[in-house]
Amino acid sequence: MALVGSLTQHPFFRGMTMADLQLIAACGARKSFAAGDYLGREGHSADHFYLILRGQVSIEIYFPERGALRLQTLSDGDIAGWSWLFPPYRWRFDLRAQTSVDTIALDGCRLRAECDRDPRLGYDLMQRFAAIMTDRLQATRLQLVDLYSHHAGAGS
Amino acid sequence: MMPRPLSVLHRVEEYPGTVTLQLGAADNQPLPAFLPGQFNMLYAFGCGEVPISFSSMAPADGRYCHTIKTLGAATGALTKLRPGDSVGVRGPFGHGWPVAKMAGRDVIIIAGGLGLAPLRPVIQALLNELNTTGNMRLFYGARQPSELLYRDELAQWSKLFAVQTTVDMADARWRGHIGNVNSVLTPSMFPSNSIALVCGPEVMMRYAIGELLKKQLPPEAIYLSMERNMKCATGHCGHCQWGPQFVCKDGPVFCYRDIQDWFHIREL
Amino acid sequence: MMNNNPEESYWLAADNLDHLIQALRQTGRQVIGPTLTDGAIVYDRIDAAEDLPQGWTDQQDKGSYRVARRSDNAYFGYNAGPHSWKKYLHPPRRQVFRAVQSNDALQFVAVDEPAQAMAFLGVRSCELHAMTIQGRVFGAESDYQNRRQHSFIVAVTCTVAAPTCFCTAMHTGPEVTLAYDLELTEVIDAQQHYFLVRSGSDEGERILSQLPLTASTAQHHAQRQEAVDRVRQQLETGPRHFDSSDLQSLLYRNYDSEAWDAIAERCLSCANCTLVCPTCFCTTEIDTTDLSGQHAERWQQWDSCFNADFSYLHGGSVRTSTRSRYRQWMTHKLATWHDQFGTSGCVGCGRCISWCPVGIDITEEINAIRKQESS
């Protein structure tokens, strides 16, 4: 029940029925990571996604000659990972804990099966993930435009 | 209106090309008082004049503090000034942040790049009254860690109130957030009595305001500091017109409610 | 100041107009008035009545201005020309300050030009409105108001109107309704040529007392009224008269009108309209140094919202398209001006119509926006 409580409080699940929340909670488990741990690795199978309860996680890309370049960070309240939703169900980037991180890990394989069985739940979840992807894409685009290089500061 | 000659008393390079100058009268005469969010016109000898916001309430002894980034001839000359050099100053001008409206409310401050400079005086003013005000939260986005302004002060602030700093790009040494300032804003929830102050590049403000509206902040609770070509600073040269407003005298700080009809019109 | 009682006007023979000019000059004022120069009737220094464009008029239309001979010898039988009085009250170029840098000390020296006492001869009602509007822009404590207050105004009632005039639409004429020192109405027909003169100030009264005047008669007043009525009727039935009461809301509704695209196809962004406009006030500042690097100057000069760098903001201009610049100019003039200064910025003088090299007509464009909106 404690897990359902955590899900209820999270904006990602706002408005979901208790039945759906219980079903999702049944696919979840609390999982903690130490700083430096990988939550997901590029190319590895993406079986889970994470609700970050506390801590900072970075999305990284690995360069052979430079090592990891951190592209974006996620933290308290963010959702990490949507590769479990789409074939080939493999992580596209590394996901690594920058601090100690507490999460609720949700089993994507089981949830996918639930969604196949109940397209209404599937549509609902897909909508919620689409909103997150849209926000993440918008933020990435704003990162791309290099906003600050020509700016003098308001009133200046 | 004639500039007044002031001396550079102190100079700090924030990062290459961007400096913070402290200005004072050579005869130590007190300078006209200013409000957070107002600006001065700074004249670089023979090069021209540019509007620059006050970037600190301190030092409180009547000196002015301005943070200037090299962008053109006048700002280039101003950033090269050294202690003992002279600069022409006209001001203070414009309407600043609505400090009186902040009492007892949660204050959300969203700064992008050099946009922290006009916001620093209001943060300092609120800090003096932190016991009597609600929460203050600062979301500050910059290009990269080396281009963060006032790093010592940021560290102090983060002990006193919530400071979320994020950069667009960083190497492995940076332990903070990476991403647009809106992405650190996105998961946050704001109490209904919040008031938001936004300052940064116009594009960044457009998206930040979109995010605040999405979080149910009413337009009358959102304030932003605008930029346009300001030459006279008194509403007489016509350059900074923005719809019916003169940014120099009706702004640079506007309540979003009052300008929402103009804010999204292009090439206004 | 105002004196609207026709009974208090006096009769001045046209041949005696020079007495007025000399009386004004004797007060130490420089008299500025209309004169024919380079094929246009412009405002310049007037030393005697013979400097006035007597017997000349102008023919104006969209993108067209030509001086022409009148069939009579009227002194003020012309219409608004390329100049306006703003060149005297809001000079096209002036020095603001000098700066000297020596031994690390910076010094600013104000460049104060004492307001030259001037007398403006032949100020039309629309031009008086333009002065009042610019006075509001610059404020009570301004150099503008200082110059304005030091100026003696000889207003002239309009008894002619160009096809480009639309003062009746903007409620600025043709009769003089704002304060003046003296008001002249020129009456001319086959038999007679005279002025009806009345004063609107103590100083006007003092000038009047030096002129060879006689009492005016009811017949004179009737002739005056007939001339004014004729020109009013011409304006009100002309193609450029319109209801201007909804212009502000019309333009605020139409920032996205396709009509702006059509204007932009013709507009050259040449800035002529802003330079001839008697209310356009924008200026820019130019900072220079000498070769020694010790002396700097700041100059202020007229600027125009049609210039590319007018809206420059480190990195580029906010208004890059001609569409946005014309929209700024027209919307400012007819809409945002109300918010800024409590009045329209247009006095209906028609100068922007005549002096537009491609013949863009602000009154036609208002109709185009209206039509676009209702289509």
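1. C:Ile263 touches C:Tyr326, C:Ile360 and C:Glu365, leaving aside residues up to four places away in sequence. Two residues are in contact if their C-beta atoms, placed from the backbone, lie within 7 Å. This is a predicted model: local features need pLDDT of at least 70, side-chain atom pairs count only at pLDDT 80 or more, and totals for chains, interfaces and linings use all residues. Residues are numbered from 1 along each chain as its sequence is written, while chains are lettered from A and ligands numbered from 1 in the order in which they are written.

2. C:Ile263 sits in helix H9 (residues 259-266) of chain C. Helices (H or I, at least four residues) and strands (E, at least two) are DSSP runs, numbered from the N terminus.

3. Why does C:Ile263 count as buried? Because C:Ile263 has 21 C-beta neighbours inside 10 Å. Buried means that 20 or more other C-beta atoms lie within 10 Å of a residue's own.

4. C:Ile263 and C:Arg253 are 10 residues apart in sequence. C-alpha to C-alpha, C:Ile263 and C:Arg253 are 17 Å apart in space.

5. Now the contact between chains B and A. Chain B gives 40 residues and chain A gives 25 residues. On the side of chain B that touches chain A, S4(B) provides the largest share, four residues. That side has 20 nonpolar, 14 polar and six charged residues. Ala, Val, Leu, Ile, Met, Phe, Trp, Tyr, Cys and Pro count as nonpolar, Asp, Glu, Lys and Arg as charged, and the others, Gly among them, as polar.

6. Next, chains B and C. Their contact takes 26 residues from chain B and 36 residues from chain C. The side of chain B that touches chain C has nine nonpolar, 12 polar and five charged residues.

Key: Buried ≥ 20, exposed ≤ 12 C-beta atoms within 10 Å, placed from the backbone.
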